[in-house]
Amino acid sequence: MANKIRQSVTPHPGEQHQLGGEQSKLNWLRAGVLGANDGIVSVAGTIIGVAGAGSNIRALMVAGFAALAAGAFSMAGGEYVSVSTQRDTERALLDKERWELKNCWDDEVDELAQIYETKGISPATAHTAALEAMHTDALYAHATDELGLDPNELINPWSAAFSSFVSFTAGGLIPLLFALLPIPAVGTIICIVMAAALALCLTGLVSAKLGGADWHKAVVRNVCMGLGTMLFAWLVGLVFNTATGA
């Protein structure tokens, strides 16, 4: 009976490994945080840009809802197309590898052995390891070591699209809800900016924690870019307001 290939590594104390399915889940979580970030900035920027053009509260609400709807579906559609292309590429690479394993077995053994040699393993040991790995699960060995793919964990375009849609909507609802407050337009804009800044602090913090980076820099960078985007949108609206003499 063939030995089963180990697909996870036990980390040292205080060390974290993200392999296989866990890495995939982490990537989706990061994508969700980035989607929420885009929703916050896009919707808030649109509302503030329209406000800069001197529009009334009704126009701000219409612009906010339109930005939320268009952005969410655009994000989902773009993610679906992008991930579908990536999945098709992964499948094509695996199909090519299956053909090579069936028709060029010896060459594939030598190729895998050379890959192991580049990791510092001696030629004799690398050849033995390649033979053992291929007799256990040749496709898995070549997919992981040669292609950097897990044939059992191909990316799902529908999951990616749904994740992007939900995360963008969740982020975009934050400034939109503040646009619904029954207060003067100036107060509405101030509330939107403050709410967006706080939300960007949170998404910056979460993204930094997921990546193990310095959260202070991530939060400052995230908030500054978001506020800069809103300021630019307001200036664009202001230019149109001035040009039309509104």
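Tutor: F65, L173, L177, F178, L180, L181 and I183 make a nonpolar surface patch of about 560 Å². Patches take residues with over 30% relative accessible area and no salt bridge, nonpolar side chains (Val, Leu, Ile, Met, Phe, Trp, Tyr) being joined within 5 Å and like charges within 9 Å. Areas are Shrake-Rupley values with a 1.4 Å probe, and for residues only the protein chains shown count as cover.

Tutor: This is a predicted model: local features need pLDDT of at least 70, side-chain atom pairs need 80 or more, and totals for chains, interfaces and linings use all residues. Numbering runs from 1 along each chain as its sequence is written, and side-chain values use heavy atoms, without hydrogens and water.

Student: Which helix gives the largest share of the nonpolar patch?

Tutor: Helix α5 (residues 157-179), with three residues. Helices are DSSP runs of H or I, at least four residues, numbered from the N terminus.

Student: And where does L180 sit?

Tutor: In the loop between α5 and α6 (185-211). L180 counts as partly exposed because its relative accessibility is 40%; buried is under 20%, exposed over 50%, partly exposed in between (1.4 Å probe, protein chains only).

Student: New topic. How many salt bridges does the structure hold?

Tutor: Three. The criterion is a Lys or Arg side-chain nitrogen within 4 Å of an Asp or Glu carboxyl oxygen.

Student: What links D145 and K119?

Tutor: A salt bridge, 3.3 Å from N to O. The pair links distant parts of the chain, 26 residues apart: D145 is in helix α4 (residues 123-147), K119 in the loop between α3 (105-117) and α4.

Student: Is E100 buried or exposed?

Tutor: Buried, at 14% relative accessibility. Its salt-bridge partner K96 is partly exposed at 48%.

Notes. Helix = DSSP H or I, 4+ residues; strand = E, 2+ residues; numbered from the N terminus.
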